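Please keep the sequence and the structure in view while reading.

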Amino acid sequence: MKKQVLLLLLGILVLTSCNHYESKVPISPSGNSVIEKSLLGEWILSSENKKEEASGYIEVIPFNDTEYLVQLKETADSSKYIESIINIRMFSSEVNGNVYLNMEFIGSENDKGFMIYRYKPIAGNRYKVFFLSKDQFNKVFPNSKSFKEYIETHSKEFDKYFEVEGILERKIK
């Protein structure tokens, strides 16, 4: 479960796509989540076919005892100079043995809601990251309890609504 959370964190590159489903409520409250140390550090998210070169990286740090601060750091050209940073609050929700990542932008556009991610180990420190697609899923939930209950009773169907975001791997310094 803890390693799965790391993969989902990398799915934060939601910014590269406008197809992400956004919920006004997370799957579960952040108080049920724990910090998994293996998710901390710097990561690179690339496309599945690796034709595009990464123009930045993701840094995951603890925000508090139950949440992460995920920073998307965009670099200028191929230098190490950081051009911009986007902050995201992230925490995990476990439902029927599956780990989902709830991610929410921090800042002036904070009213967007929660994006939902999953991940699957490929090999070593590499994960395939998936996002919940608004083209596939459009249900609205009044609270976290009803969102979680929906997933508990429709797990197989719910997992079909995710699309590939890319491949996440540990950044080499």
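Lys 145 is exposed, with a relative accessible area of 60%; exposed means over 50%, buried under 20% and partly exposed in between, for a 1.4 Å probe and protein chains only. The model is predicted, so local features need pLDDT of at least 70 and side-chain atom pairs count only at pLDDT 80 or more, while totals for chains, interfaces and linings use all residues. Residues are numbered from 1 along each chain as its sequence is written, and side-chain values use heavy atoms, leaving out hydrogens and water.

**The pair in helix H2**

- Lys 145 forms a salt bridge with Glu 149, and their closest N and O atoms are 3.8 Å apart. A salt bridge is a side-chain nitrogen of Lys or Arg within 4 Å of a carboxyl oxygen of Asp or Glu.
- Side chains of opposite charge can pair when their charged atoms come close.
- Glu 149 and Lys 145 are separated by about one helical turn because they stand four residues apart in helix H2 (residues 144-153).
- Glu 149 counts as partly exposed, at 37% relative accessibility.

- The structure holds seven salt bridges.
- One of them joins the side chains of Glu 104 and Arg 89, with a distance of 2.8 Å from N to O. This pair links distant parts of the chain, since Glu 104 is in strand S5 (residues 98-105) and Arg 89 is in strand S4 (residues 82-95), 15 residues apart.
- Glu 104 is buried at 12% relative accessibility, whereas Arg 89 is partly exposed at 22%.
- Glu 67, Arg 89 and Glu 104 are linked in a network of salt bridges.
- Another salt bridge connects Glu 169 with Arg 126, whose closest N and O atoms lie 3.7 Å apart. Here too distant parts of the chain are linked: Glu 169 belongs to strand S8 (residues 162-170) and Arg 126 to strand S7 (residues 126-132), 43 residues apart.
- Both partners are partly exposed, Glu 169 with a relative accessible area of 22% and Arg 126 with 26%.

**A buried serine**

- Ser 93 lies in strand S4 and is buried, with a relative accessible area of 2%.
- Its side chain makes a polar contact of 2.6 Å with the side chain of Ser 28. A polar contact is a pair of N or O atoms within 3.5 Å; within protein, one must be able to donate a hydrogen and the other to accept it, and residues adjacent in sequence count only if both atoms are side-chain atoms.
- Not counting residues up to four places away in sequence, Ser 93 touches Ile 27, Ser 28, Asn 98, Val 99, Tyr 100 and Asn 102; contact means heavy atoms within 4.5 Å.

**Overall build**

- The protein has three helices and eight strands. These are DSSP runs numbered from the N terminus: helices (H or I) have at least four residues and strands (E) at least two.
- Along the sequence, the pattern is α-β-β-β-β-β-β-β-α-α-β.
- Of the 173 residues in the protein, 47% are buried.

**Confidence**

- The mean pLDDT of the protein is 83, and 79% of its residues reach 70 or more. The pLDDT is the predictor's confidence in each residue, from 0 to 100.
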